[in-house]
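Hi there,

Here is the structure I promised to pass on to you.

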Amino acid sequence: MTQRFPMTPAGLQKLRDELRNIKEVQRPQNVADIETALGHGDLRENAEYHAAKERQAELAARMAYLESHISLAQVIDPAEMNSNKVAFGATVTLMDADTEEEVVYCLVGEDETNVKAGKISITAPIARALLGKEAGDDATVRLPKGTRDFEIINVEYKAVD
């Protein structure tokens, strides 16, 4: 069975935009850089050429990754979900039992993760500990630094940008 990659519509669009940028901007620039470096003579000692060829390999690898994830995307729109339980796409407000600090996380696909923006991967330890729970439930998260206890204050589903 082929592995699917859950993501929001915004996450899929971000991957498509990055792929388009690589194909239409970065790769043509890289080809031009290689051609320029070839004009500098001896390839054995041509650092520009070797750097451009290395960049070409990086772009090819990233393109393959993006094409794979786009083709295997399982798009889930949180705005269309209606549930009280934590699942993919949920925006969850938590109260840290130790610090009594509120934190808000949105559970998204691995390619959409941005901790500073409060978007955590559905595969992250905190997300896994929250799955299936609802407001009022407690969740214990086992982290490398030890365990943390949270109380789920609110679960909502809304569009992710």
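First, the ground rules. This is a predicted model, in which local features need pLDDT of at least 70 and side-chain atom pairs count only at pLDDT 80 or more, while totals for chains, interfaces and linings use all residues. Residues are numbered from 1 along each chain as its sequence is written, and side-chain values use heavy atoms, with hydrogens and water left out.

**Overall build**

The protein chain has three helices and seven strands; these are DSSP runs numbered from the N terminus, with helices being H or I of at least four residues and strands being E of at least two. Along the sequence they come in the order β-α-α-β-β-β-β-α-β-β. With a radius of gyration of 21 Å, well over the 15 Å that the globule rule gives for 161 residues, the protein chain is more spread out than a compact globule. The radius is taken over C-alpha atoms, and the rule is 2.2 Å times the number of residues to the power 0.38. Taken along the principal axes, the box filled by the C-alpha atoms is roughly 70 × 35 × 30 Å.

How much of the protein chain is buried? Of its 161 residues, 34% count as buried, where buried means under 20% relative accessible area, exposed means over 50%, and partly exposed is in between (1.4 Å probe, protein chains only). As for contacts (heavy atoms within 4.5 Å), 55% of those between residues at least 6 apart in sequence join residues at least 24 apart.

**The helix pair**

Helix H1 (residues 9-38) and helix H2 (residues 47-71) have axes that come within 9 Å and cross at roughly 160°. That makes H1 roughly antiparallel to H2. Axes here are lines fitted to C-alpha atoms, for helices over the stretch in contact, with angles from 0 to 180 degrees between N-to-C directions; under 35 degrees counts as roughly parallel, over 145 as roughly antiparallel, 65 to 115 as roughly perpendicular, and the rest as oblique. The crossing of H1 and H2 is left-handed, that is, the near helix is turned anticlockwise from the far one by less than a right angle (clockwise would be right-handed). The residues of this contact divide into 13 nonpolar, four polar and 10 charged. Ala, Val, Leu, Ile, Met, Phe, Trp, Tyr, Cys and Pro count as nonpolar, Asp, Glu, Lys and Arg as charged, and the others, Gly among them, as polar.

Leaving aside neighbours within four places in sequence, Ala37 is in contact with Asn46, Glu48 and Tyr49. Its C-alpha atom lies 9.4 Å from that of Ala51, 14 residues apart in sequence.

Pro6 sits in strand S1 (residues 5-7) and is partly exposed, at 25% relative accessibility. Beyond four places in sequence, Pro6 is in contact with Gln74, Ile76, Phe88, Gly109, Glu112 and Ile122. The C-alpha atoms of Pro6 and Ile122 are 116 residues apart along the chain but separated by 8.6 Å.

Ala73 belongs to strand S2 (residues 73-75) and is buried, with a relative accessible area of 11%. Not counting residues up to four places away, Ala73 touches Arg4, Phe5, Met7 and Leu12.

**Two exposed residues**

Where is Glu100? It is in the loop between strand S3 (90-96) and strand S4 (102-108), and it is exposed, with a relative accessible area of 62%. Most residues other than glycine have a negative phi.

Arg128, in helix H3 (residues 125-130), is also exposed, with a relative accessible area of 52%. Apart from neighbours within four places in sequence, Arg128 is in contact with Ile122 and Thr123.

Happy browsing!
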